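Colleague: I have a new model open and would like to go through how its chains meet. Can you take my questions as they come?

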There are 4 protein chains.
Amino acid sequence: MDFTFSPRVVEWRERIAEFVETVVVPREQVAFANGVDDELRRELQAAARDAMVWAPQAPAELGGGGFSLAESAVLLEEAGYSLIGPLALNCHAPDEGNIHMLDLIATSPQREKYLIPLVDGDIRSCFAMTEPPPGAGSDPSALRTTARRVAGGWEISGEKHLITGAEGAAFAIVMAKGGGGADGSSGSTMFLVDTDNPGWRLAGHARTIDTTMPGGHHRVELHEVFVPDEAVLGEPGRGFAYAQVRLAPARLTHCMRWLGAARRAHGIALERAVNREMFGSALADHGMAQAMIADNEIELVAARLVLWNTCWELDNGAPGTEESSRAKVFVSEAVNRIVDRSVQLCGGLGTSEEMVVGRIFADVRAFRIYDGASEVHRMSIAKHAAKRVRAAQAAE
Amino acid sequence: MDFTFSPRVVEWRERIAEFVETVVVPREQVAFANGVDDELRRELQAAARDAMVWAPQAPAELGGGGFSLAESAVLLEEAGYSLIGPLALNCHAPDEGNIHMLDLIATSPQREKYLIPLVDGDIRSCFAMTEPPPGAGSDPSALRTTARRVAGGWEISGEKHLITGAEGAAFAIVMAKGGGGADGSSGSTMFLVDTDNPGWRLAGHARTIDTTMPGGHHRVELHEVFVPDEAVLGEPGRGFAYAQVRLAPARLTHCMRWLGAARRAHGIALERAVNREMFGSALADHGMAQAMIADNEIELVAARLVLWNTCWELDNGAPGTEESSRAKVFVSEAVNRIVDRSVQLCGGLGTSEEMVVGRIFADVRAFRIYDGASEVHRMSIAKHAAKRVRAAQAAE
Amino acid sequence: MDFTFSPRVVEWRERIAEFVETVVVPREQVAFANGVDDELRRELQAAARDAMVWAPQAPAELGGGGFSLAESAVLLEEAGYSLIGPLALNCHAPDEGNIHMLDLIATSPQREKYLIPLVDGDIRSCFAMTEPPPGAGSDPSALRTTARRVAGGWEISGEKHLITGAEGAAFAIVMAKGGGGADGSSGSTMFLVDTDNPGWRLAGHARTIDTTMPGGHHRVELHEVFVPDEAVLGEPGRGFAYAQVRLAPARLTHCMRWLGAARRAHGIALERAVNREMFGSALADHGMAQAMIADNEIELVAARLVLWNTCWELDNGAPGTEESSRAKVFVSEAVNRIVDRSVQLCGGLGTSEEMVVGRIFADVRAFRIYDGASEVHRMSIAKHAAKRVRAAQAAE
Amino acid sequence: MDFTFSPRVVEWRERIAEFVETVVVPREQVAFANGVDDELRRELQAAARDAMVWAPQAPAELGGGGFSLAESAVLLEEAGYSLIGPLALNCHAPDEGNIHMLDLIATSPQREKYLIPLVDGDIRSCFAMTEPPPGAGSDPSALRTTARRVAGGWEISGEKHLITGAEGAAFAIVMAKGGGGADGSSGSTMFLVDTDNPGWRLAGHARTIDTTMPGGHHRVELHEVFVPDEAVLGEPGRGFAYAQVRLAPARLTHCMRWLGAARRAHGIALERAVNREMFGSALADHGMAQAMIADNEIELVAARLVLWNTCWELDNGAPGTEESSRAKVFVSEAVNRIVDRSVQLCGGLGTSEEMVVGRIFADVRAFRIYDGASEVHRMSIAKHAAKRVRAAQAAE
């Protein structure tokens with residue numbers, strides 16, 4: 001057993017920490033007040049390159065850091081220390097997950113056209129899977145957007161919603177029903193759709209309480225979107241399998257980033273608790289505040305360890321479904337509790353963007369829902385556990 | 001023991017329920033998107049008068065409903081069913097609490113100038129007690145804004161923050177140190193300050209995650225604000241005692257309104273759970289969703305009963321410090337849990353304003369902090385309990 | 001709305017409080033060390049009669065107090081202040097529930113033979129419904145003990161377990177499948193079975209961690225138990241309906257008694273916290289202890305109000321299924337939390353019988369399971385809630 | 001980062017698992033019903049030696065396994081799978097902690113007389129630090145048992161309570177005030193006291209709800225206990241420092257053992273949930289049961305990782321105060337939650353010794369109190385956190 005990291009990881013961590021502290025944090029209030037636009041993104045990303053902290057998790061041959069998942073856990077937590085840090089380092093959702101999947105599945109021309117400019121930060125992308133009811137949400141099998149074979153390619157129709165980053169994205173990875181089997185109607189398929197495709201239409205921005213995802217969350221309509229065969233990502237009909245390739249690590253990188261945000265919230269709250277006098281002593285010396293501080297300290301460590309262990313398992317070849325479900329539930333809920341306590345410790349301004357903690361609180365809530373709601377992961381974990389017992393009983 | 005209400009309460013409740021459903025709810029999305037401005041306020045308030053649901057808690061002789069605190073609990077919960085319902089009915093914070101206190105303490109001319117137009121909805125007001133650190137927050141004794149006797153009146157200087165409704169208010173009730181004792185320097189005093197007083201200056205709007213309080217939360221500077229003797233509310237030096245008069249019922253009316261919002265959130269979530277199909281059956285039929293639904297049902301009832309009982313105690317002459325602390329902690333935390341579960345049940349759109357639940361979630365968080373943070377009330381409750389034991393032991 | 005009780009209730013409460021404090025509490029350590037035997041029971045019950053606190057909830061015409069359910073809530077909480085108080089007052093489980101049901105259903109001869117001596121404390125009884133897996137537990141429809149018509153009466157065969165009070169009981173109310181319909185094979189039926197019936201056999205005492213239920217929890221085998229027609233309680237085939245008659249109030253009287261035990265635990269913890277010096281001040285003045293004390297204070301009140309309201313609803317004719325489920329879940333879980341915090345406040349001896357709190361802790365755990373596990377009640381509450389929404393939607 | 005263990009650890013783990021399953025578990029019900037006597041202990045310990053699983057954590061040169069703390073975490077969890085497993089393997093409290101401390105501090109003759117027979121299982125021991133109020137409990141500085149210099153040695157007087165294993169112990173390590181400084185009156189000192197010393201008197205067995213600690217928890221009186229100078233353990237006056245040497249690892253080995261017990265409880269509950277049919281499907285397939293199963297699965301992993309990481313830190317030279325506080329709080333509370341859910345999943349028999357889970361539930365409660373109550377560790381963690389902030393601010 002060993003909990004140390006290589007010197008290269010340690011170096012990057014320090015560089016990222018300094019970059020976030022000195023370059024990103026000072027730009028936060030502007031981003032909170034005006035939203036995260038592409039101008040700010042380009043400015044921060046240029047600075048990140050200069051600071052040599054670019055895209056830690058992206059393939060080294062494309063200019064990224066090339067770090068393993070476990071190593072990325074350390075580095076993306078550091079990036080997440082500011083809500084706009086991951087964007088600056090180009091390791092934010094959904095681009096980071098799309099980079100990961102494209103690197104594994106894309107053809108050479110697709111890499112050229114989509115992956116390279118995405119890693120370079122020249123363009124942004126989105127991942128269009130979630131649909132409004134009664135379509136695919138926590139239950140992906142309910143997919144209703146459909147692809148059908150037409151001359152020279154495919155025609156995709158349907159509706160998506162909560163598509164993060166849709167506004168301003170250059171392309172979307174669209175999940176649609178069909179494409180597999182002899183007649184191309186079974187399974188599901190992923191397509192690369194340029195957002196200037198005439199059938200791709202933004203149909204409304206969801207007014208969610210989180211505000212720091214670049215491009216927001218959009219409703220999208222796909223009106224007989226025509227794409228050529230070259231737009232298929234991977235093999236037709238295997239969309240669900242590819243989704244798994246994306247989802248397990250993507251939920252872990254979410255954990256990494258939000259863990260950084262939770263640590264930030266705790267740090268702000270702790271500093272405030274030390275400096276705020278109340279009833280004759282520092283808030284940090286009051287028992288109930290100590291309980292909140294201690295629980296934050298404990299849960300930050302516990303969440304980090306569960307995350308690291310899961311990443312290590314995936315790096316070492318574990319399928320990771322069960323592990324990543326466990327990590328997603330534990331980290332997302334711990335993060336929410338930590339941030340909630342931090343708000344409480346900050347008192348009246350705890351719900352404000354000025355103290356940052358309020359912004360983190362509002363942004364982090366949806367994390368218990370997307371990438372599989374806590375309940376769906378719990379169901380999955382319990383099924384795995386029951387299956388093991390049943391298998392053991394059958395073997396007796 | 002009896003849990004029934006008078007026919008008049010039942011009638012008002014039904015009228016309010018219908019008014020909120022048919023008049024207020026349809027205006028919510030506009031209010032969420034654009035903020036609650038005075039135009040919308042006047043429109044809704046005029047409609048409320050027409051619907052005969054005006055100011056249930058305000059004195060009957062001034063045109064209000066004249067209901068007791070326990071009766072108001074029923075009616076203000078109904079108003080709170082929409083986040084902008086209390087504003088429509090003129091029973092919102094901070095005006096409602098100011099009306100209550102002015103009715104008990106104000107002189108005849110003060111009633112004429114401030115109370116009557118406030119009950120009528122002609123003007124809005126604010127309550128300026130909280131100060132930025134190291135001033136008065138959860139510990140009111142840390143008050144730093146100071147009043148000193150000058151020729152013909154008083155001069156007040158200091159800083160306040162998180163003053164809800166400050167923008168657009170016609171006057172403020174300002175809490176300042178001093179005013180009592182022979183030389184006018186001990187205790188604290190409340191003053192009625194017109195917001196066109198040259199020394200009263202708005203110094204910044206806090207960007208908090210709640211957005212439906214009319215007038216927002218402001219930082220205010222008081223630069224040598226001169227007020228005549230007639231601006232003193234009650235007797236000089238007795239400010240803290242008056243604050244208690246306002247605070248106990250004000251925290252209960254908060255509970256009433258937020259309880260309505262929690263019921264609303266639960267209702268939306270429940271309806272969604274019934275209609276949303278997932279993994280082959282309605283979400284409402286899945287065990288983990290049932291657990292959340294049941295906990296909401298249980299806690300809504302429990303919170304309502306704790307609140308009603310406390311109001312009844314106050315109506316019957318109890319000092320109410322301990323009871324209202326208990327109610328504040330229980331209801332504010334139950335409300336937060338209920339709304340949090342409702343968000344979870346609503347899935348991906350649960351954090352959006354479109355589903356209303358997301359707006360309620362963000363608005364309700366601060367309720368565990370203002371009017372005394374949960375921790376301060378717990379401390380107070382525990383002290384009362386320990387005091388009883390010590391008194392009993394001393395008596396042995 | 002009114003939270004006062006009649007002078008007669010107040011008088012009884014005071015008498016019970018004094019009786020428990022001066023007569024019952026001093027006998028507790030003996031009961032904990034040696035178990036609750038019939039000798040101790042008779043001694044305490046004789047004293048209770050002398051103190052005029054006998055069987056508050058039992059029908060007045062049979063010598064009980066004749067109080068309503070809501071009034072009994074006050075009095076049985078007082079009895080429950082000692083774990084052996086309810087036994088002393090003859091308002092303990094399962095006899096109290098059996099008295100209630102017999103009073104509603106029993107024939108005149110059955111009243112004579114069973115009810116009157118039971119109310120008088122001459123005999124004890126048990127209620128034999130629960131079965132070992134795969135029989136009737138939280139799902140009563142899984143009943144496997146069967147009754148079949150034979151010449152002159154019925155023959156009952158099956159197995160029961162966790163039958164509280166079976167050892168030493170004079171008779172059992174046995175729930176069996178069948179008895180209804182033309183051929184006597186449908187539905188379920190309740191029978192009065194004397195425990196000297198040769199087919200009734202005690203088959204083992206469960207070594208549970210609770211120890212203060214007189215007669216413990218037993219496994220019972222029914223081997224072709226013959227009973228005459230007069231042994232049928234109510235009408236054949238209607239057993240499930242009668243079970244409801246017993247279960248809703250029986251789970252509320254459980255709540256009453258355990259609430260008293262929780263109050264006791266809190267009282268002991270609070271006294272200890274006031275008197276125990278730690279790190280330079282009384283434990284009761286430490287913030288984390290204050291949080292536990294306050295939560296106990298709050299939850300005792302909340303649980304009591306939920307219970308009272310439910311009892312009042314039942315007294316006023318509500319079916320009470322939903323209400324009593326709500327009360328059962330809330331009170332049983334609150335009681336467990338309160339007692340758990342009390343253990344923690346008591347420190348090293350908190351888990352001991354000497355401090356009483358340890359005994360209460362171990363005894364109270366099963367309360368979240370019997371009379372319907374929390375999960376089963378939550379399921380039921382959620383189904384009611386969903387049904388209301390569906391009905392409203394159908395009506396639109 | 002690496003989460004693998006050496007082949008030797010893996011081998012031992014498998015051997016221990018098999019030994020516990022096949023030898024220890026079959027003897028549990030006898031131990032639960034009759035208590036853990038020395039005859040059973042000797043039988044199990046002889047079997048453990050034969051199975052080559054003896055004392056994994058004890059020094060190799062004395063016949064133990066010689067494993068590091070992190071390695072012991074794996075092995076003692078396995079031993080803890082049965083409540084009497086640690087006793088069988090001679091890695092139970094308090095002997096295991098005493099072995100650790102004696103190995104670090106004892107003189108050669110002390111090793112000969114006390115340590116060697118203790119490692120060999122020839123004798124048992126106890127650790128006498130805790131005192132009845134107002135003495136040393138969670139606040140060790142309140143120590144009242146006093147040692148004073150007398151001719152040829154020391155005289156110790158005072159009272160101790162909750163001394164685990166006192167009955168049947170051959171010797172005690174006694175913590176007493178004094179012994180340090182020029183006049184031998186400052187600081188505190190540890191003494192090795194033979195239990196046949198005439199001044200050492202057992203004064204009562206605490207009737208706690210846990211029952212599987214061999215020798216139970218005793219009150220002890222020390223009446224002018226004379227011991228020679230050779231009975232001083234380490235240097236006079238340095239008792240508190242030695243206590244730290246014992247306490248940090250001792251609380252971690254507690255975590256290891258209880259984690260095994262929690263895993264056992266979960267395993268029993270899970271098996272029951274898979275096999276128990278309810279409302280038409282297996283309990284394990286009901287949503288609310290799945291939530292409990294999943295939370296157990298998650299928390300077992302999280303607790304194990306927090307524990308392992310802490311052990312690794314201590315193995316690598318960290319002082320470990322903060323880390324071990326964190327692990328103690330997290331593991332003890334997670335263990336209690338896991339076992340509580342397991343009880344619930346087991347239904348009516350969940351509180352029984354027959355299903356083992358009931359016994360674990362009652363035994364595990366005190367773990368949140370001894371070795372420093374959760375509250376004391378939280379206070380300590382928060383102080384460390386605040387201290388870091390203050391130091392950083394001072395450095396600016």
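Colleague: How many salt bridges are there between chain D and chain A?

Modeller: The count is 6 salt bridges between chain D and chain A. Keep in mind that this is a predicted model.

Colleague: Which residue of chain A does D:Asp285 form a salt bridge with?

Modeller: The partner of D:Asp285 is A:Arg390, and their closest N and O atoms are 3.3 Å apart.

Colleague: And how many residue pairs are in polar contact there, between chain D and chain A?

Modeller: Between chain D and chain A, 13 residue pairs are in polar contact, with both residues at pLDDT 80 or more.

Colleague: Which elements give two or more residues to the side of chain D that touches chain A?

Modeller: On chain D those elements are helix 8 (239-275), helix 9 (287-315), helix 10 (321-346) and helix 12 (374-395). Helix 9 of chain D gives the most, with 14 residues. By type, the residues on that side of chain D are 26 nonpolar, 5 polar and 11 charged.

Colleague: How many residues are in contact, and what area do chain D and chain A bury?

Modeller: In contact are 42 residues of chain D and 42 residues of chain A. The two chains bury about 4000 Å² between them, and 70% of that is on carbon and sulfur atoms. On the chain D side, D:Met1, D:Phe3 and D:Trp312 lose the most area to chain A, together 19% of what that side buries.

Colleague: What rotation superposes chain D on chain A?

Modeller: A rotation of 180° does it, with 0.0 Å of shift along the axis and an RMSD of 0.0 Å. Of the residues of chain D, D:Asp2 comes closest to that axis, its C-alpha being at 2.4 Å.

Colleague: Why do you say the copies meet through the same surface?

Modeller: Because 100% of the interface residues of chain D are also interface residues in chain A.

Colleague: Now chain A and chain C. How many residues are in contact there?

Modeller: Here 4 residues of chain A are in contact with 4 residues of chain C. The area buried between chain A and chain C is about 290 Å², with carbon and sulfur atoms giving 82% of it. In chain A, the residues that lose the most area to chain C are A:Gly287, A:Met288 and A:Ala291, together 90% of what that side buries.

Colleague: How many salt bridges and polar contacts does that pair of chains have?

Modeller: Between chain A and chain C there are 0 salt bridges, and 0 residue pairs in polar contact with both at pLDDT 80 or more. The side of chain A that touches chain C has 2 nonpolar residues, 2 polar and no charged.

Colleague: Change of topic: A:Val331. Where is that, and is the residue buried or exposed?

Modeller: A:Val331 sits in helix 10 (residues 321-346) of chain A. A:Val331 has 0% relative accessibility, so the residue counts as buried.

Colleague: What does A:Val331 touch, beyond residues up to four places away in sequence?

Modeller: A:Val331 touches A:Cys255, A:Ala303, A:Leu307 and A:Phe367.

Note on methods
Residues are numbered from 1 along each chain as its sequence is written. Chains are lettered from A and ligands numbered from 1 in the order in which they are written. This is a predicted model: local features need pLDDT of at least 70, side-chain atom pairs count only at pLDDT 80 or more; totals for chains, interfaces and linings use all residues. Side-chain values use heavy atoms; hydrogens and water are left out. Contact means heavy atoms within 4.5 Å. Buried area is the accessible area (1.4 Å probe) that two parts lose on being put together, summed over both. A salt bridge is a side-chain nitrogen of Lys or Arg within 4 Å of a carboxyl oxygen of Asp or Glu. A polar contact is a pair of N or O atoms within 3.5 Å; within protein, one must be able to donate a hydrogen and the other to accept it, and residues adjacent in sequence count only if both atoms are side-chain atoms. Ala, Val, Leu, Ile, Met, Phe, Trp, Tyr, Cys and Pro count as nonpolar, Asp, Glu, Lys and Arg as charged, and the others, Gly among them, as polar. Helices (H or I, at least four residues) and strands (E, at least two) are DSSP runs, numbered from the N terminus. Buried means under 20% relative accessible area, exposed over 50%, partly exposed in between (1.4 Å probe, protein chains only). Copies are superposed by least squares on the C-alpha atoms of residues with pLDDT of at least 70 in both.
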